[in-house]
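User: I am new to this structure and would appreciate a guided reading. Please take it in short questions and answers.

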Amino acid sequence: MMLLVVEMDAGVSMLTEVVLPVDQLKAVNPSTSKINPAEKYIQIISVDNHEFWFMGFVNYDSAVKNLQGALLGHS
């Protein structure tokens, strides 16, 4: 089974890891703040309609491309 692993730093010395099976993903949506265009987010929606929002990617465009590619490659 192919897994998507996303790591986030919560601003403290704690690392949170979210693992979502690719077959449980419904959508990957890039988003940009209308107030501050430098703030870019990725919304991931699961097949059971849970929403996950991520930000702070080192290479946002590459992350969007790879996430969408994983979703398309699995369908």
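The questions below begin with the chain and then turn to individual residues in this predicted model.

User: In what order do the elements of the chain run from the N terminus on?

Analyst: The model is predicted. The chain has five strands and one helix. Read from the N terminus on, the order of these elements is β-β-β-β-β-α.

User: What percentage of the residues in the chain is buried?

Analyst: The accessible surface of the chain comes to about 5400 Å², and carbon and sulfur atoms hold 56% of that surface. A residue counts as buried under 20% relative accessible area. Of the 75 residues in the chain, the buried share is 28%.

User: How many bridges join strand E4 to E5?

Analyst: Strand E4 covers residues 40–46 and runs antiparallel to E5. The number of bridges joining E4 to E5 is five.

User: Is tryptophan 53 buried, partly exposed or exposed?

Analyst: Tryptophan 53 has its place in strand E5, which spans residues 51–55. Its relative accessibility is 46%. Buried requires a value under 20% and exposed a value over 50%, so tryptophan 53 counts as partly exposed.

User: Which residues is tryptophan 53 in contact with, leaving aside its neighbours within four places in sequence?

Analyst: Serine 31 lies 22 residues from tryptophan 53 in sequence, and their C-alpha atoms are 9.6 Å apart in space. Contact is judged on heavy atoms, which must lie within 4.5 Å. Within the sequence neighbourhood, the side chain of tryptophan 53 also makes a polar contact of 3.2 Å with the side chain of glutamate 51. Leaving aside neighbours within four places, the contacts of tryptophan 53 are Ser31, Tyr41, Ile42 and Gln43.

User: What is the geometry of the aromatic pair that a search of the whole structure finds?

Analyst: The search of the whole structure finds one aromatic pair. The rings of tyrosine 41 and tryptophan 53 have centres 6.5 Å apart and planes at 80°. Tyrosine 41 lies in strand E4 and tryptophan 53 in strand E5, so the pair ties together parts twelve residues apart in sequence. Planes over 60 degrees apart meet the cut-off, so the pair is edge-to-face.

User: Is serine 33 buried or exposed?

Analyst: Serine 33 is found in the loop between strand E3 (25–32) and E4. Not counting residues up to four places away in sequence, serine 33 touches Glu39 and Tyr41. Its relative accessibility is 16%, so serine 33 counts as buried.

User: Which backbone nitrogen lies 3.1 Å from a polar atom of the side chain of serine 33?

Analyst: The side chain of serine 33 has a polar atom 3.3 Å from the backbone nitrogen of isoleucine 35. At 3.1 Å from a polar atom of this side chain lies the backbone nitrogen of asparagine 36.

Terms used: Residues are numbered from 1 along each chain as its sequence is written. This is a predicted model: local features need pLDDT of at least 70, side-chain atom pairs count only at pLDDT 80 or more; totals for chains, interfaces and linings use all residues. Side-chain values use heavy atoms; hydrogens and water are left out. Helices (H or I, at least four residues) and strands (E, at least two) are DSSP runs, numbered from the N terminus. Buried means under 20% relative accessible area, exposed over 50%, partly exposed in between (1.4 Å probe, protein chains only). A polar contact is a pair of N or O atoms within 3.5 Å; within protein, one must be able to donate a hydrogen and the other to accept it, and residues adjacent in sequence count only if both atoms are side-chain atoms. Accessible areas come from the Shrake-Rupley method with a 1.4 Å probe; for residues, only the protein chains shown count as cover. Two strands pair if DSSP finds at least two bridges between them. Rings of Phe, Tyr and Trp (its six-membered ring) pair if their centres lie within 6.5 Å; planes under 30 degrees apart count as stacked, over 60 as edge-to-face and the rest as tilted.
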